[in-house]
Amino acid sequence: MTKEQVTGAAEEEQQAQSKKALKKQQKEAEKAAKKAEKQAKLAAEQQTADEDDFAKDRYGVSAMVQSQEKVDRTLVRVQELTPHRGGQLVWVRARIHTSRAKGKQCFLVLRQQQFNVQALVAVGDRASKQMVKFAANITKESIVDVEAVVQTVEQKIESCSQQDVELHIERIFVISQAEPRLPLQLEDAVRPETEGEEEGRATVNQDTKLDNRVIDLRTTTSQAIFRLQSGVCQLFRDTLINKGFVEIQTPKIISAASEGGANVFTVSYFKTSAYLAQSPQLYKQMCICADFDKVFCVGPVFRAEDSNTHRHLTEFVGLDIEMAFNYHYHEVIDSITDTMVQIFKGLRDHTPNEKLLGRLVKEKYDTDFYVLDKYPLAVRPFYTMPDPNNPKYSNSYDMFMRGEEILSGAQRVHDAQLLTERALHHGIDLEKIKAYIDSFRYGAPPHAGGGIGLERVTMLYLGLHNVRQTSMFPRDPKRLTP
């Protein structure tokens, strides 16, 4: 091929490429023009829609609440929405529990803790079709503020706690939006696994619930469980204070294992080691030696037991009692059993009469509570008083509900010499408990007490199958989060 031919071919190729590039540019320009036209059309439609949307100021996503202003507005609680408020215009803050769009209407169920109410957004004088569409698209579990008229209903709304009224929404604003995909559905989480299997409906297994505990705690079941548990604590405190007890707070980082044995967590403590308290035992007794006479405490206790049973946790809440007595430790047993009976009576008389709790409580506990006395000395802690008539036994007792232990207690050794002997027998380093033993050298009254597991009492009272259901954020050998 000659030089001229090569040059000609190169020019032809260059021209072809130029034409190709020009065509590509034209196509891109046409594409951009179409896109711009489409956007302009959409913008025009949106503007028209906005102009037509007379309710555009009545709904939307609110700016993040950063305490920008103090709003002069009273929010009504869902549980306060009763027929006596019929016809009132109220503001309510709640979660979107469910939503269902139907034509020009959207039905919402608004939930606040264990209470919920039906709400309606319907096209009319106060709500546009755009507003109804917006409401229908709010994700479940989002928190909203609504302004609505309370309307009484002719037929009870069986699916809601507020059965005699519904809300007719006039304004709705999203305060905090939930992500569209929830890790579990609340209606599935509240359904017992056995019931789900029988009916062929979805349930949520325990690990999934605990992995997503914050969502699971929103269920009506969890709300009821932990309100009842709060009631147990309050009744425990009130009953003992009325009996002349003083509430104390004790250290949880201690120099020696309070119960002895291997089931204790060791922690690094500067240049030495310390332990997480297995109970407030030693300090309760020291307070008795300090003339407090009757003491109790509510706080966390730690047990390094590698048990994965339905009733064991590595951290639980202890309700502990200690008191001086006159001549026989049964005086203390009587006081503790009366305290437990007062708690059960209080729960019976003061727990809200909710259908859910009625379903949870399987049977009455008036008789299903008993005490076993005189355990073998070898299986009790070193500070337990031996039985005066049989050295193989001890002045110790356990209390049971529904066949399971809820309290372990005993008369304590209040003599420094005997306490030293018992500690040595259990292989305990005397130097580490010197302050404890010394507290008995200067006169100590006879005393006894016990410790109750809060989560276990709640589980057994409600007839639940696993203590993890009654521990807000349970800790066991396999679970350290959330």
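**View 1. The charged end of Arg73 sits over the ring of Trp91.** In this close-up of the predicted model, the distance from the charged end of Arg73 to the centre of the Trp91 ring is 3.7 Å.

**View 2. The charged end of Arg380 sits over the ring of Tyr375.** Here the charged end of Arg380 is found 4.5 Å from the centre of the ring that belongs to Tyr375.

**View 3. Phe382 and Tyr383 form an aromatic pair.** A search of the whole structure finds 10 aromatic pairs, and one of them joins Phe382 to Tyr383 in an edge-to-face arrangement, with 5.4 Å from centre to centre and an angle of 70° between the planes. Both residues of this pair, Phe382 and Tyr383, are buried.

**View 4. Phe382 also forms an edge-to-face pair with Tyr436.** The ring centres of Phe382 and Tyr436 lie 6.1 Å apart and their planes meet at 85°, and because an angle over 60 degrees counts as edge-to-face, the pair is described in that way. This pair links distant parts of the chain, since Phe382 belongs to the loop between β13 (369-373) and β14 (396-401), whereas Tyr436 lies in helix α12 (residues 434-438), and the two are 54 residues apart. Phe382 has a relative accessible area of 1% and is therefore buried, as buried means under 20%; Tyr436, at 2% relative accessibility, counts as buried too.

**View 5. Ring pairs link four residues into a cluster, namely Phe382, Tyr383, Tyr436 and Phe440.**

How values were computed. Residues are numbered from 1 along each chain as its sequence is written. This is a predicted model: local features need pLDDT of at least 70, side-chain atom pairs count only at pLDDT 80 or more; totals for chains, interfaces and linings use all residues. Side-chain values use heavy atoms; hydrogens and water are left out. Rings of Phe, Tyr and Trp (its six-membered ring) pair if their centres lie within 6.5 Å; planes under 30 degrees apart count as stacked, over 60 as edge-to-face and the rest as tilted. Buried means under 20% relative accessible area, exposed over 50%, partly exposed in between (1.4 Å probe, protein chains only). Helices (H or I, at least four residues) and strands (E, at least two) are DSSP runs, numbered from the N terminus. A charge sits over a ring if NZ of Lys or CZ of Arg is within 6 Å of the ring centre and within 35 degrees of the ring normal.
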